[in-house]
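Q: Could you walk me through how to read a structure like this one? I would like to learn the terms as we go.

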Amino acid sequence: MNSNYQMAEDEVIIRRMLSTGNSEEEAFRIIIRTTQKQLYGIIRRITGDHMLTDDIMQDVYIKVFENIRSFKWKSSLSTWICRIGINEALRVTAREKKHRHSELTPDVRVGQQDMDYDRWIKHFRNAIARLPPQQRAVFIVRYYEDMSYKEMSAIMGLSEGGLKSNYHHAVKKIKNYLDKKGLK
Amino acid sequence: MNDNWEKWLENKRDDEALDIPEGYFREMEASVIDRWKRRKSLSKRFERVMTITWQVAAVVLLLLVWRGPNTQPTDIIQEMSSEELAYYYIQMEPEISLYDLWMDVSDVPIDTLEHWILTENILDEDIAKEIH
């Protein structure tokens with residue numbers, strides 16, 4: 001993923017391209033290339049499913065392209081895209097859960113390291129999948145993307161206090177779950 | 001207490017990479033751009049259809065406004081005699097009921113109206129032509 005400085009530079013280029021009206025497609029390609037990996041990581045960990053993530057990613061970018069002319073550029077473009085992505089992922093997972101009448105299955109790939117680590121990963125992701133949607137999203141963004149509460153607040157539209165509370169509750173629930181499984 | 005949990009978690013990293021199909025990001029980019037292009041072309045086509053529709057509507061409106069004073073039926077109706085009026089209504093609505101006709105032309109006796117409906121031949125040919 002790009003550094004903040006690189007992202008800001010990209011946004012200047014994108015704005016210039018959009019204002020001329022001739023390089024719209026190229027601007028959209030840059031938007032996708034600079035944001036897709038982070039967006040994919042967040043959405044995939046929320047949904048736990050590649051196909052679902054792919055659908056959401058495509059819808060998010062189409063929404064972004066259709067509404068970019070009304071984007072005020074008050075926040076960074078990547079923040080805006082991330083926000084749309086998280087909201088869409090939460091909406092889709094809620095719908096999927098309703099249809100399946102069951103919890104989402106965690107996305108686990110094992111066999112890369114030792115058995116204890118594999119077992120820990122499996123239950124750790126299981127615990128994340130069992131969190132309420134908002135706590136799950138907050139935990140994923142903080143834990144996997146290592147974002148500050150300030151950045152998260154801009155993306156998720158929650159106060160820093162609310163985010164901290166969500167995160168701590170999530171960590172507590174995960175720890176309790178792992179304790180019950182006999183994992184430390 | 002919360003700090004302890006955070007510290008506990010710091011030592012427990014889930015570093016396992018996500019299982020992403022090879023070339024996925026390139027394919028996703030191509031697919032999104034393709035979808036966006038198709039939507040853009042559809043919306044352009046829709047815009048074109050809407051523009052034509054508005055242009056046609058504007059022309060029709062202009063024609064109506066332009067021809068309006070010559071064809072306003074209310075102007076004609078106001079100048080008609082009861083006989084002409086009855087003829088006009090019968091021509092406009094051949095199935096008109098006797099009662100409805102009488103409501104519109106109440107100064108004519110009802111049996112006369114009934115006769116007019118039955119015969120339809122209530123006016124001189126010249127007057128009928130003028131009304132048409």
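Q: What share of the 132 residues of chain B count as buried?

A: A residue is buried if 20 or more other C-beta atoms, placed from the backbone, lie within 10 Å of its own, exposed if 12 or fewer, and partly exposed in between. In chain B, 8% of the 132 residues count as buried. In chain A, buried residues make up 32% of the 184 residues. Before we go on, keep in mind that this is a predicted model: local features need pLDDT of at least 70, side-chain atom pairs count only at pLDDT 80 or more, and totals for chains, interfaces and linings use all residues. Residues are numbered from 1 along each chain as its sequence is written, while chains are lettered from A and ligands numbered from 1 in the order in which they are written.

Q: Where in chain B is confidence lowest, and where is it highest?

A: Start with pLDDT, the predictor's confidence in each residue, from 0 to 100. Where pLDDT is low, the predicted coordinates should not be read in detail. The mean for chain B is 75, and 72% of its residues reach 70 or more. Confidence is lowest in helix H7 (residues 125–131) of chain B, at a mean of 55, and highest in helix H2 (residues 24–71) of chain B, at 83. For the complex, the predictor gives an ipTM of 0.76 and a pTM of 0.64.

Q: How many helices and strands does each chain have?

A: Helices (H or I, at least four residues) and strands (E, at least two) are DSSP runs, numbered from the N terminus. Chain A comes to eight helices and zero strands, and chain B to seven helices and zero strands.

Q: How many residues of chain A are in contact with chain B?

A: Two residues are in contact if their C-beta atoms, placed from the backbone, lie within 7 Å. Here 23 residues of chain A are in contact with 18 residues of chain B. On the chain A side, the elements giving two or more residues are helices H2 (24–47), H3 (50–67), H5 (115–129) and H8 (160–180) of chain A. H2(A) gives the most, with nine residues. Sorted by class, this side has nine nonpolar, five polar and nine charged residues. Ala, Val, Leu, Ile, Met, Phe, Trp, Tyr, Cys and Pro count as nonpolar, Asp, Glu, Lys and Arg as charged, and the others, Gly among them, as polar.

Q: At what angle do H6 and H7 of chain A pack?

A: Two packed helices are described by the angle between their axes and the distance between the axes. Axes are lines fitted to C-alpha atoms, for helices over the stretch in contact, and angles run from 0 to 180 degrees between N-to-C directions. Helix H6 (residues 133–145) and helix H7 (residues 149–156) of chain A pack at about 135°, with their axes 11 Å apart. H6(A) and H7(A) are therefore oblique to each other. Angles under 35 degrees count as roughly parallel, over 145 as roughly antiparallel, 65 to 115 as roughly perpendicular and the rest as oblique.

Q: How do H6(A) and H8(A) cross?

A: The axes of H6(A) and H8(A) come within 8 Å and cross at roughly 95°, so these two helices are roughly perpendicular to each other. Among the residues making the contact are Phe139(A) of H6(A) and Tyr167(A) of H8(A). The contact residues divide into five nonpolar, four polar and one charged.
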